[in-house]
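Colleague: I would like to go through this structure with you slowly, one question at a time. Could you start with a term that we shall need along the way?

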Amino acid sequence: MAETAMIVAGLYAGLFLVAFGAATILPLQSEAAVVGMVLADHDAGLVVLVAGAGNTLGAATNWLLGRGVERFRHRRWFPVGPGALRRAEGWYRRYGRWSLLLSWLPLGGDALTIVAGVLREPLAVFLLLVAIGKIGRYVVVVGLALGLA
């Protein structure tokens, strides 16, 4: 029994790490892990919360990169090119902090989280709005997975 609990804990830890990495400069996708765990009969609510927490904290890493953008923007590993950063800054200046609800988007979402750091969005507001968007995305992914299963 203890061995099974350790395996399950390891699965959730792995899900957290994949979701965290997917929101950073790492080329990862977390949706397959979320769908796989739900289809393997893991608790859908816990899967959403773990993936959402990991992805939100990964986005906070981007916020930190944004805070130090002048130091990092010309590094090869910097996750967003100058054009994408300008476009995201335009969105952010036009729609304000509410644009963070779209931080889950595959194209432009990471740039929004970096721009929020550049423009000094308060961390508490950032985390709340990003968490709503990212958890909302996982709720939809899980709903689709369960609906198609």
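Modeller: A polar contact is a pair of N or O atoms within 3.5 Å, where, within protein, one must be able to donate a hydrogen and the other to accept it. Please keep in mind throughout that this is a predicted model.

Colleague: With that in hand, which residue's side chain does the side chain of Asn 55 join in a polar contact?

Modeller: Asn 55 has its place in helix α3, and at 2% relative accessibility it counts as buried, because buried means under 20%. Among the residues that Asn 55 touches, beyond those up to four places away in sequence, are Ala 19, Phe 20, Lys 134, Arg 137 and Tyr 138. One of these is joined to Asn 55 by a polar contact of 3.4 Å between side chains, and that partner is Tyr 138.

Colleague: Staying with α3, which residue caps its N-terminal end?

Modeller: Helix α3 has 24 residues and reaches 34 Å from its first C-alpha to its last, close to the 34 Å expected at 1.5 Å a residue. At the N-terminal end of α3, a side-chain oxygen lies 3.2 Å from the backbone nitrogen of Gly 45, and the residue that provides this oxygen is Asp 43.

Colleague: Now for helix α1: which of its residues are buried?

Modeller: Helix α1 runs over residues 2-22 and reaches 30 Å from its first C-alpha to its last, close to the 30 Å expected at 1.5 Å a residue. Val 8 is found in this helix, but with a relative accessible area of 29% Val 8 is partly exposed. What covers the buried residues of α1 includes α2, α3 and α7, and those buried residues are Tyr 12, Leu 15, Ala 19, Gly 21 and Ala 22.

Colleague: How far is the backbone oxygen of Leu 100 from a polar atom of the side chain of Ser 103?

Modeller: Ser 103 lies in the loop between α5 and α6, and at 1% relative accessibility Ser 103 counts as buried. Leaving aside neighbours within four places in sequence, Ser 103 is in contact with Gly 109, Asp 110, Leu 112, Thr 113, Val 130 and Lys 134. Leu 100, with its own neighbours left aside in this way, is in contact with residues including Leu 112, Thr 113 and Val 130. The backbone oxygen of Leu 100 lies from that polar atom of Ser 103 at 3.0 Å.

Colleague: How much space lies in the largest pocket?

Modeller: The lining has 29 residues, and the closest to the centre of the pocket are Leu 105, Pro 106, Leu 107, Gly 108 and Asp 110. Helices α5, α6 and α7 each supply at least two residues of this lining. The space in the largest pocket is about 530 Å³.

Colleague: Finally, what is the phi of Asp 41, which is not a glycine?

Modeller: Asp 41 has its place in the loop between α2 and α3, and at 71% relative accessibility Asp 41 counts as exposed. Arg 120, in the loop between α6 and α7, is not a glycine either and has a positive phi of about 65 degrees. For Asp 41 the phi is also positive, at about 70 degrees.

Methods
Residues are numbered from 1 along each chain as its sequence is written. This is a predicted model: local features need pLDDT of at least 70, side-chain atom pairs count only at pLDDT 80 or more; totals for chains, interfaces and linings use all residues. Side-chain values use heavy atoms; hydrogens and water are left out. Contact means heavy atoms within 4.5 Å. Helices (H or I, at least four residues) and strands (E, at least two) are DSSP runs, numbered from the N terminus. The expected span of a helix is 1.5 Å times one less than its number of residues. Buried means under 20% relative accessible area, exposed over 50%, partly exposed in between (1.4 Å probe, protein chains only). On a 1 Å grid over the protein atoms alone, a cavity is a set of points where a 1.4 Å probe fits but cannot get out, and a pocket is an open set with protein on both sides within 12 Å along at least five of seven lines; lining residues have an atom within 4 Å of a point. Grid points are joined across faces, edges and corners, and a volume is the space filled by probe spheres set on the points.
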